[in-house]
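Please read them with the structure open beside you.

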Amino acid sequence: MRTLTVAVCGYGNRGSIYATGESWFGSAMKVVAAADIRPERLALAKERHHLPDDRLFASGEEMLQKPRMADLMVISTQDQQHCAHAIAALEQGYHLLLEKPISTTLENCLAIAKKAKEVHRTVLVCHVLRYSPLYTKLREMIREGKVGDVYAVDQIENVGYYHMAHSFVRGNWHSKEESAPMILAKSCHDLDILPWLVGKKVKRLSSFGHLSHFTSEHAPAGSAERCLDCAVRMNCPYDAVHLYYEGNPEFSIKTAHNTEWPVNVLCTEPTEEKVLDALRFGPYGQCAYRCHNDVVDHQTVNLECEDDVTITFSMVAFTDRCTRTIQIMGTRGQINADMDNDYVTYRPFKGEPVQVPLDTAGIQGGSHGGSDYRMMEALLDHFAQYPEANGFLDAGDVLVPEVDPPVCVIDDTLRSHIACFAAEDSRLEHGKLMELNL
Ligand SMILES: NC(=O)c1ccc[n+]([C@@H]2O[C@H](COP(=O)([O-])OP(=O)(O)OC[C@H]3O[C@@H](n4cnc5c(N)ncnc54)[C@H](O)[C@@H]3O)[C@@H](O)[C@H]2O)c1
């Protein structure tokens, strides 16, 4: 198999996960260049992929001034940067693996899709759930008619109280202006996967949601600007010292000896000292009620699809775990699933409930219940079909994937983004009905 060469624009959390494909899939993939504005991330990329100095760039902009140096570019910078990086990379001839959201405005999303067509390049969007053992199994069972005709689906995105505080109150996605509305930043996966599962177009939707809790009015009496200085943090579930430093049995560096997510977002190659420093001076040490955040902490979307199928979706911060739970309701049975499990429960109306195992064989790493790994696997299979021209993969005629389930190309993904923008407009207009026909 030809080795797919990859340049990474934004060697942060996500970029470095996709780059790990190099060790998951042996010679099928090689990272040949990386760009990041943080020197410590570049140093990590250099060490992990044995990159020479002339293949390390202090920004995506700098890397994109150079002629094409890989088959594919991973665009894993922050939401607001995707559009400029993606368009420049397409112009240089790269195929793209583009992080979601495609971009933060509909106009920019459409511009990237248009540019990809013009230059005959493929843009795969990281809707990782499409590749997950869970959702591929659910889609297969629905298609086999296990539950008869599906008329209703109900999904909850359990954000997790700690994940909400980390990413959407203190962290990168706390502000609509700086990143994107919550429905796009967090739930574009859901508005993508649910119509995809039932194979129906969305006709109309409406949405409600609020930022209710993480506001200064809810700051506990006696609390301080930073958790390290707070006299009442012991009673607060959003205490950053407990989460990142000491006390949390799963995530804290001192108690759980965790150096992965979320502490590796506070600092590169975390140590106790570095984490304390980040809590003292950085955004992740702030009181969760004083973060100038504006994205919602709960939101619901109701979707009406063709053939009378209805979908209800809720994103909720106030859950103990970070997972997705789903109930699929058909005329002959129902399916219940939780992304934390490695099985789904199939309940035929005539017959006993059965636990159906998921196919997790061979998954070596990544997150999202094996989705990251499976996505990279599908990506390598997909590009293996492309012809080579001038030392790089061309597009040839292989722009439309023929495998099932297909890889997630940008044109397909645009539908979920249009639904997200409509849901946000609906929410802002107190649940106004939005006609879509996607
Ligand atoms: N597919 C998913 O499920 C999923 C999950 C989480 C995040 N995301 C998305 O992935 C993207 C990256 O998120 P992340 O968690 O990895 O964030 P991150 O902050 O860890 O990574 C972004 C990286 O980009 C670097 N950067 C900033 N400006 C740059 C520039 N001009 N040139 C090059 N590099 C630059 C930053 O230093 C950082 O290392 C976001 O768009 C986010 O919404 C997707």
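Predicted model: local features only at pLDDT ≥ 70, side-chain atom pairs only at ≥ 80, totals over all residues.

1. The structure holds one cavity of 30 Å³ or more. This largest cavity is lined by 13 residues, and those closest to its centre are Ser223, Cys227, Cys230, Cys236 and Cys287.

2. With several cysteines named there, the next matter is how they are bonded. The structure holds zero disulfides, a disulfide being a pair of cysteine sulfur atoms within 2.5 Å. For Cys227 the closest cysteine sulfur is that of Cys287, and because the two sulfurs are 6.1 Å apart, they are too far from each other for a bond. Cys227 is also buried, its relative accessible area being 6%. Cys267, likewise, is in no disulfide, since the nearest cysteine sulfur, which belongs to Cys227, is 16 Å away. Cys267 counts as buried because its relative accessible area is 12%, and buried means under 20%.

3. Turning to the sheets, nine strands make up an open sheet with mixed pairing, in the order β14-β13-β12-β11-β7-β10-β9-β8-β17. At its edges are β14 (354-357) and β17 (434-435), each of which pairs on one side only. Within this sheet, strand β8 (residues 202-210) and strand β9 (residues 298-305) run antiparallel and are joined by eight bridges, and Leu205 stands opposite Leu303 in β9. Helix α10 (residues 188-198) packs on the sheet, where it touches β7 (150-158), β8, β9, β10 (310-316) and β11 (323-330), and the direction of the helix makes about 155° with that of β7.

4. A further open sheet consists of six strands in the order β3-β2-β1-β4-β5-β6, and here the pairing is parallel. Its edge strands are β3 (56-57) and β6 (123-125), each pairing on one side only. Two bridges link strand β2 (residues 29-35) to β3 in the parallel sense, and Ala34 has Leu56 in β3 as its bridge partner. Across β2 and β3 lies helix α3 (residues 39-49), which runs at about 160° to β2.

5. How many of the 11 residues of helix α7 (residues 133-143) are buried? Eight of them are, so the helix is largely enclosed by the rest of the structure. The buried residues in α7 are Pro133, Leu134, Tyr135, Lys137, Leu138, Arg139, Met141 and Ile142, and a reader following the chain will find that α7 is followed by Gly145, whose phi is positive, near 80°.

6. Finally, I would draw attention to Met339, which is placed in the loop between β12 (333-338) and β13 (343-348). Leaving aside residues up to four places away in sequence, Met339 touches Leu129, Ser132, Leu134, Tyr135, Thr323, Arg324, His368 and Ser371. Lys114, by contrast, is 225 residues from Met339 in sequence and 35 Å from Met339 in space, taken from C-alpha to C-alpha.

How values were computed: Residues numbered from 1 in each chain as written. Heavy atoms only, no water. Helix = DSSP H or I, 4+ residues; strand = E, 2+ residues; numbered from the N terminus. Contact = heavy atoms within 4.5 Å. Pairing = 2+ DSSP bridges. Axes fitted to C-alpha atoms, helices over the stretch in contact; angles between N-to-C directions. Buried < 20%, exposed > 50% of the residue type's maximum accessible area, 1.4 Å probe, protein only. 1 Å grid on protein atoms, 1.4 Å probe; cavity = no way out; pocket = protein on both sides within 12 Å on 5 of 7 lines; lining within 4 Å. Points joined across faces, edges and corners; volume = space filled by probe spheres on them.
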